[in-house]
Amino acid sequence: MFSINIPFKGNRPYLRGADIYTALVEFAKNQDPLFQGPVTINFRHLPKTACAFTLNNKDMTPPTEVYADFSLGKELGSKKTGWLVPIDGAAPHRIAFDEDALIKDAIINDKIIELITPSSGLFIDQVVALTKKLHMIHRPIAPSSWILTRIEFEEILFDEPILSIMIKLVQILGSRLTRSEVFYGGKLIGNLYFSGVVIGAS
Amino acid sequence: MQETLRRLIGQVSPALAGKTLDPSVSLLELGLDSLDHANLLLAVEEEFSVKVPDEDAEHLITMDSLVKFLKDQGIKA
């Protein structure tokens, strides 16, 4: 089991999916420095406590409490699967986070949002912020919130982006689930799925 | 159509891949959770080029109901 140390950000009572993605990619790169993806994460429950990654060894039974399940690598390569699970330990600390500042120059055109000149910050943070912004404009669901539910990237982009980022909202199943395509420098690299969720008190 | 649905179910829930599924039993009882179910409906939309109305989504929880829905949409078995 590999515990992760990421903070709550802003006023969120849960750990952000983008931060879990970042921690998972770091974990994968520690396991294999040449790791380049693909990465899939399904978030099953909002992670509200300290947590850890655990790898699935030989088709073991899933843990009883699972925040997320993940898949790393290619089917015919060294694919690894596993889970994000709650663990005993101090609650994550909290830091300030201004998500809107990451995407202040975004341009929205119908179901497409684009950041032609990405600002400083991680690629995943900007992609998630853009997708959420697009949802809030296209499909406002207050008092519920749009939450990142599934990440599906064919290749990983971990560092600060240098090319344009474009998000296209392509499927909407009410407020249950949406699928958005993620383009980097004009190339489709994966999908993000968001669900409408009522966020409970922390 | 049923074969395609089984393939899609196996994709969203690998634990069910290749298993014999009773078409009248709720997929939620067979192990799909709400995220798997929503993923399945998105996959159905894409595979069959149909739109699943939000009001229908919660009722499409068995193979039988999915088949009936697709037939009602003009998809041939």
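Reply: In this predicted model, the C-alpha centres of domain 1 and domain 2 of chain A lie 20 Å apart. Domain 1 of chain A covers 2-94, and domain 2 of chain A covers 98-197. The two are in contact: 13 residues of domain 1 of chain A meet 14 residues of domain 2 of chain A. On the domain 1 side, α1 (17-31) and β3 (39-43) of chain A supply at least two residues each. What kinds of residues make up the side of domain 1 of chain A that touches domain 2 of chain A? Seven are nonpolar, six are polar, and there are no charged residues.

Next, the strands. Strand β4 of chain A takes in residues 51-55, and strand β6 of chain A takes in residues 80-86. They pair in the antiparallel sense, over five bridges. One facing pair on these strands is Leu55(A) and Gly82(A), the latter in β6(A). Strand β5 of chain A, residues 68-72, is also joined to β6(A). Here too there are five bridges, and β5(A) and β6(A) run antiparallel. Opposite Asp69(A) stands Trp83(A) in β6(A).

One loop residue deserves a stop. Ala50(A) sits in the loop between β3 and β4 of chain A. Is Ala50(A) buried, exposed or partly exposed? Ala50(A) has 17 other C-beta atoms within 10 Å. Buried needs 20 or more and exposed needs 12 or fewer, so the class is partly exposed. Sequence distance and space distance tell separate stories here. Ala50(A) and Val85(A) are 35 residues apart in sequence; C-alpha to C-alpha, they are 8.6 Å apart in space. Set aside the neighbours within four places in sequence, and the contacts of Ala50(A) are Ser3(A), Ile87(A), Gly89(A), Ala90(A), Ala91(A) and Pro92(A).

Now widen the view to chain A. Its secondary structure comes to three helices and 13 strands. The C-alpha atoms of chain A fill a box of roughly 45 × 40 × 30 Å along the principal axes. Take the contacts in chain A between residues at least 6 apart in sequence: 66% of them join residues at least 24 apart.

Ten residues of chain B are in contact with nine residues of chain A. On the chain B side, α2 and α3 of chain B are the elements that give two or more residues. α2(B) makes the largest share, with six residues. By type, the side of chain B that touches chain A has six nonpolar residues, one polar and three charged.

Then chain B on its own. There are four helices and zero strands. The order from the N terminus is α-α-α-α. The radius of gyration of chain B is 11 Å, close to the 11 Å from the globule rule for 77 residues, so chain B is as compact as a globular protein of that length. Its C-alpha trace spans about 30 × 25 × 20 Å along the principal axes. Buried residues account for 29% of the 77 in chain B. Among contacts in chain B with a separation of 6 or more, 51% come from residues 24 or more positions apart.

Last, helix α4 of chain B, residues 63-72. Met63(B), Leu66(B), Phe69(B) and Leu70(B) are buried there. Viewed down the axis of α4(B), these buried residues fall within an arc of 125°, so they line one face of the helix. What do the buried residues of α4(B) pack against? Their partners are α1 (2-12), α2 (34-48) and α3 (54-57) of chain B. Just past the end of α4(B), Gly74(B) takes a positive phi of about 90°.

Key. Residues numbered from 1 in each chain as written. Chains lettered and ligands numbered in written order. Predicted model: local features only at pLDDT ≥ 70, side-chain atom pairs only at ≥ 80, totals over all residues. Pairing = 2+ DSSP bridges. Domains from an automatic or database assignment. Contact = placed C-beta atoms within 7 Å. Nonpolar A, V, L, I, M, F, W, Y, C, P; charged D, E, K, R; others polar. Arc of directions from axis to C-beta. Rg over C-alpha atoms; globule rule 2.2 N^0.38 Å.
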